[in-house]
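Trainee: I am new to this model. Please take me through the aromatic residues and the core.

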Amino acid sequence: MKEAYLFEYVNENEFKKLERSLKKYNMLAYKKLYFDFYPALKEGNFLGQVVSTNQAQGTKTYELKLPTDIMFSKVHGDIKLHYMVYEGEKIVMLDKLTPEDILTEGHQSELVTYKGVMVSKQHSDKDLFKINLLNMIQK
């Protein structure tokens, strides 16, 4: 049997907060991450793009784009999992989920939605403008 990779965290508390926020506000991305991507990573199938390689430490840094709604992606950016792989030690180090600002804000307080997209309390005017502009372009 092939030995599985272990998950470690750069900052477990912060990562879990982002993960819970992702679960609450974007269930599609959460389900894909939890039920498809995590098991693949544990088996050693590293998904996403290699961002950097460190030969001295024997690590590779990856970015994995998670599936999300097109409107959310255009307003807030793509949801990505950032992780590092230590191949010698068989460790997958989970770093962060981006966009951090909207996910962190969603964890701290309840966010409202406008036309099916989360709206940040800090940048609400900007988010509403983007959503309305995208809707006008689609028509």
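Mentor: Let us start with Tyr30, which counts as buried (under 20% relative accessible area, with exposed over 50% and partly exposed in between, for a 1.4 Å probe and protein chains only), since its relative accessibility is 12%. The model is predicted, so local features need pLDDT of at least 70 and side-chain atom pairs pLDDT 80 or more, while totals for chains, interfaces and linings use all residues. Residues are numbered from 1 along each chain as its sequence is written, and side-chain values use heavy atoms, without hydrogens and water.

Trainee: How many aromatic pairs are there?

Mentor: There are eight aromatic pairs. In one of them, the ring centres of Tyr30 and Tyr34 are 5.5 Å apart with planes at 20°, so this pair is stacked. Rings of Phe, Tyr and Trp (its six-membered ring) pair if their centres lie within 6.5 Å; planes under 30 degrees apart are stacked, over 60 edge-to-face, and the rest tilted.

Trainee: Why are Tyr30 and Tyr34 about one helical turn apart?

Mentor: Because they are four residues apart in helix 2 (residues 27-43). Helices (H or I, at least four residues) and strands (E, at least two) are DSSP runs, numbered from the N terminus. Tyr34 is partly exposed, at 40%.

Trainee: And how are the rings of Phe46 and Tyr62 arranged?

Mentor: Their centres are 5.8 Å apart and their planes at 35°, so the pair is tilted. Phe46 is in the loop between helix 2 and strand 2 (49-54), and Tyr62 is in strand 3 (residues 59-65), so the pair ties together parts 16 residues apart in sequence. Phe46 is buried at 18%, and so is Tyr62 at 6%.

Trainee: Which residues do ring pairs link into a cluster?

Mentor: Phe7, Tyr30, Tyr34, Phe35 and Tyr38. Tyr38 lies in helix 2 and is buried, with a relative accessible area of 7%. Leaving aside neighbours within four places in sequence, its contacts (heavy atoms within 4.5 Å) include Phe7, Phe15 and Leu81.

Trainee: Now the core. Which residues have the most contacts inside the largest one?

Mentor: Leu22, Leu66, Leu81, Tyr83 and Leu97, in a nonpolar core of 28 residues. Such a core is a set of buried Ala, Val, Leu, Ile, Met, Phe, Trp, Tyr and Cys residues joined through side-chain atoms within 4.5 Å. Elements giving two or more residues to this core include helix 1 (12-25) and strand 5 (91-98). Helix 2 gives the most, with six residues.

Trainee: What does the second core include?

Mentor: That separate core has six residues, among them Val75, Val117, Val119 and Ile131.
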